[in-house]
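I opened a new page in the notebook for this one.

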Amino acid sequence: MMLEAGGIVRTGRAIDARNVPVDGATVAAAVRGEQTPITVENPAPRPVHERVGYVRPEMGVSVRTALAAAARSRGLSAPQDDDIAAVREQLADIEVPEIATNTVRREFAAADTETERLEERVAELRGRVQVLREQGTDEAVAEAEAALTSAVRDLSEVATDRTAASQRLDRDRLRDARDARERRLRLEDEVANLERAARASLVAELRGAYAAAVADAPGPSPADPFEADPVTAALAVGRVADLRAPVVLACDRFRVPAAAASWLDAPVVRV
């Protein structure tokens, strides 16, 4: 591991950066590969690093979630994993069926255009009939009136089709949105239930090792390891995890960084 900050370079498995002009949050961000003013060269962190990779008194730790991530870092799996993957795949496939809706939308657009055309045609024929009644022959008037009657009939039929298409469009939209939303909610609930069961299974795998780590961790030892203070809990989870990337320590539980690296069996940057 290598850390460079402000022209100061530190290397090794256990780095003491307390006299380096950098804070813990910046080092933790650099370890995660984020853009920072400093450089830290280290193996890519596993997801558990997000939970316990930056240990400080003011941190919060969801112990069971962190333990499940620790189990994953060690290559453990849960019986629910295949079901979770299958349901997530179903969730990714959910979409509003566009084909039927597009068909209705096209029908509505065609009826709307035809309605507008026929309205103009009827208005034109009415004006023509009016003029012929004043100036034209009986035969011309009869012919124009027949055309007007036909146009009015066509307009009535198209207007009916337009209304029906509009109703189908609204109905289809509502039904499609409702069905998709209900299906998505059902699957999201199913994933959440499966993930809770998977987390419980993974926690059970490491419960004993975690309790032993809490008991062995420097600092106060609670009666219930799941009620440990955040620093003790984070250190204990880190000890049972395979962290790979360096842990940033902003606490005084270890006399020297090398002792922390040895206890955690992971690279350490003391800030």
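Predicted model: local features only at pLDDT ≥ 70, side-chain atom pairs only at ≥ 80, totals over all residues.

**Entry 1**

I began with helix α6, residues 138–216: at 1.5 Å a residue its 79 residues should span 117 Å, and the end C-alpha atoms lie 112 Å apart, which agrees. The expected span is 1.5 Å times one less than the number of residues. Helices here are DSSP runs of H or I with at least four residues, strands are runs of E with at least two, and both are numbered from the N terminus. I then found a kink of about 50 degrees in α6, centred on leucine 206; the bend is the angle between axes fitted to the seven residues ending at a residue and the seven starting there.

Residues are numbered from 1 along each chain as its sequence is written, and side-chain values use heavy atoms, with hydrogens and water left out.

**Entry 1: aspartate 81**

I looked up aspartate 81, which sits in helix α4 (residues 81–93). Which residues does aspartate 81 touch, not counting those up to four places away in sequence? I found Arg72 and Ala198, taking contact as heavy atoms within 4.5 Å. The side chains of aspartate 81 and arginine 72 are also joined by a polar contact of 2.7 Å.

Next I turned to the largest pocket, with a volume of about 260 Å³. It has 13 lining residues, and Ala68, Ala69, Arg72, Arg199 and Leu202 are the closest to its centre. So Arg72 turns up again, as a residue of this lining. Helices α2 (49–52), α3 (63–73), α4 and α6 each supply at least two lining residues.My cut-off for a polar contact was a pair of N or O atoms within 3.5 Å; within protein, one must be able to donate a hydrogen and the other to accept it, and residues adjacent in sequence count only if both atoms are side-chain atoms. For spaces, I used a 1 Å grid over the protein atoms alone: a cavity is a set of points where a 1.4 Å probe fits but cannot get out, a pocket is an open set with protein on both sides within 12 Å along at least five of seven lines, and lining residues have an atom within 4 Å of a point. Points are joined across faces, edges and corners, and a volume is the space filled by probe spheres set on them.

**Entry 2: the cavity**

How many cavities of 30 Å³ or more does the whole structure hold? My search found one, and the largest cavity contains about 60 Å³ of space. Its lining includes Arg18, Phe254 and Val268.
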